[in-house]
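Here is a report on a predicted model.

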Amino acid sequence: MTTHPARLLRELINGDELVIAPGIYDGLTATLVERAGFPAAYVSGAAASVSMLGRPDLGLMSAGEVAAHVVRLRGATSLPLIVDIDTGYGNELNVRHAVETHVRLGAAAVHIEDQVFPKRCGHLSGKTVVDAEEAVRKVRAAVAARGSHDLVIIARTDALTPLGLDEAIDRGRRFADAGADMVFVEAPENRHQLDRIARSIDVPLVINVIAGSRTPLLTASDYADLGYRLGIYPFVNIAAASAAADSALTRLRDTGLPPQDAAGPAELFGTVGLDDWLQWPDRLLTAAPPSPARPTTGKENS
């Protein structure tokens, strides 16, 4: 029997190592992350906005657009997916709807944040956050909407930059008391802050790892030693793809030739399962037909 992604993620978080979840934004990156052997993947709102809309991370994607995005990614990978649902798209009722939707979609976790809507990327300047009571109510709503499901509820606070470390830690503790499974304090700026957050909040913690951001770039083992259990890497794929595409397009513009070392059709299609798709009809013809399920009569145990 296959373990549900949410339960699998819970088991991973309970280990001693940092769970590394690279950001994915389409079926190809989902496939590549799973093929590389990572245990989970992160559905970044920033990467989704950049790749799907060609727009910055300013809370522009709707709940429905994010849900449809998750459906496509879920079809490309069996990995546990951690989904960014921004501020929950409204009040507690909207949070309930979003959480129930992602339970049905098979997400392993969602994270909800306390920024004022429309939000912005946590590593940009000019962030503002809602009142702490409102933020706690949304966390309670997410926990209640999950019900008995294993979905991991991650509560994120962006209070550190506008209001200071003490307020961020206080909110993190209150989110934990409200039932959050994990707490995500966004944009700590040095190891002292990372360490103090880890020593001050008793539930497992999330760290957002982005090169060139506010947060110190450490190794996965360093974050684990500090006490963090889940590392999300939202830009690792989309930043690499953007740089590579820009380089290839520059070469094409300047020389009239595509990069000579680029993957050809067979190699690229092979990455996403060409052989399996081509061989599947033959396997279907030679495989024994599955036995039909026998209807129960209620007398089997009599």
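Which residues lie nearest the centre of the largest pocket? They are Leu28, Ala244, Ala262, Ala263 and Leu268, out of 21 lining residues.

## Basis

This is a predicted model, with residues numbered from 1 along each chain as its sequence is written. Local features need pLDDT of at least 70, side-chain atom pairs count only at pLDDT 80 or more, totals for chains, interfaces and linings use all residues, and side-chain values use heavy atoms, with hydrogens and water left out.

## The largest pocket

The largest pocket has a volume of about 480 Å³. A pocket is an open set of points on a 1 Å grid over the protein atoms alone, with protein on both sides within 12 Å along at least five of seven lines. A cavity is a set of points where a 1.4 Å probe fits but cannot get out. Lining residues have an atom within 4 Å of a point. Points are joined across faces, edges and corners, and a volume is the space filled by probe spheres set on them.

Three helices each supply at least two lining residues: H2 (27-35), H11 (236-255) and H12 (265-271). H11 gives the most, with nine. Helices (H or I, at least four residues) and strands (E, at least two) are DSSP runs, numbered from the N terminus. The pocket lining has 13 nonpolar, four polar and four charged residues. Here Ala, Val, Leu, Ile, Met, Phe, Trp, Tyr, Cys and Pro count as nonpolar, Asp, Glu, Lys and Arg as charged, and the others, Gly among them, as polar.

## Two cavities

Two cavities of 30 Å³ or more are present.

H6 has the largest share, three residues. The lining divides into five nonpolar, no polar and four charged residues.

## Helix H6

Asp131 caps the N-terminal end of H6, with a side-chain oxygen 2.8 Å from the backbone nitrogen of Glu133. After H6 comes Gly147, with a positive phi near 65°. Buried residues (under 20% relative accessible area, 1.4 Å probe, protein chains only) of H6 include Ala132, Ala135, Lys138, Val139 and Arg146. The buried residues of H6 pack against helix H1 (5-13), helix H5 (92-105), E4, E5 and H8. Contact means heavy atoms within 4.5 Å.

## Arg171 in H8

Arg171 is found in helix H8 (165-177). Is Arg171 buried or exposed (over 50%)? Arg171 counts as buried because its relative accessible area is 3%. Its side chain reaches the backbone oxygen of Val130 at 2.8 Å. Beyond neighbours within four places in sequence, Arg171 contacts residues including Asp114, Asp131, Ala132 and Ala135.

## Helix H9

In H9 (191-200), Gln193, Leu194, Ile197, Ala198 and Ser200 are buried. Their cover includes helix H7 (160-163), H8, strand E6 (182-185), strand E7 (205-208), helix H10 (220-226) and strand E8 (228-233). At the start of H9, a side-chain oxygen of Asn190 reaches to within 3.2 Å of the backbone nitrogen of His192.

## Backbone features in loops

The Phe117 to Pro118 peptide bond is cis, with omega near 0°. Pro118 sits in the loop between E4 and H6.

Asp86 is not a glycine, yet has a positive phi of about 50°. Asp86 belongs to the loop between strand E3 (81-84) and H5, and is buried at 9% relative accessibility. Ala187 also has a positive phi, near 65°. Ala187 lies in the loop between E6 and H9, and counts as buried at 0%.

Note on methods. A polar contact is a pair of N or O atoms within 3.5 Å; within protein, one must be able to donate a hydrogen and the other to accept it, and residues adjacent in sequence count only if both atoms are side-chain atoms.
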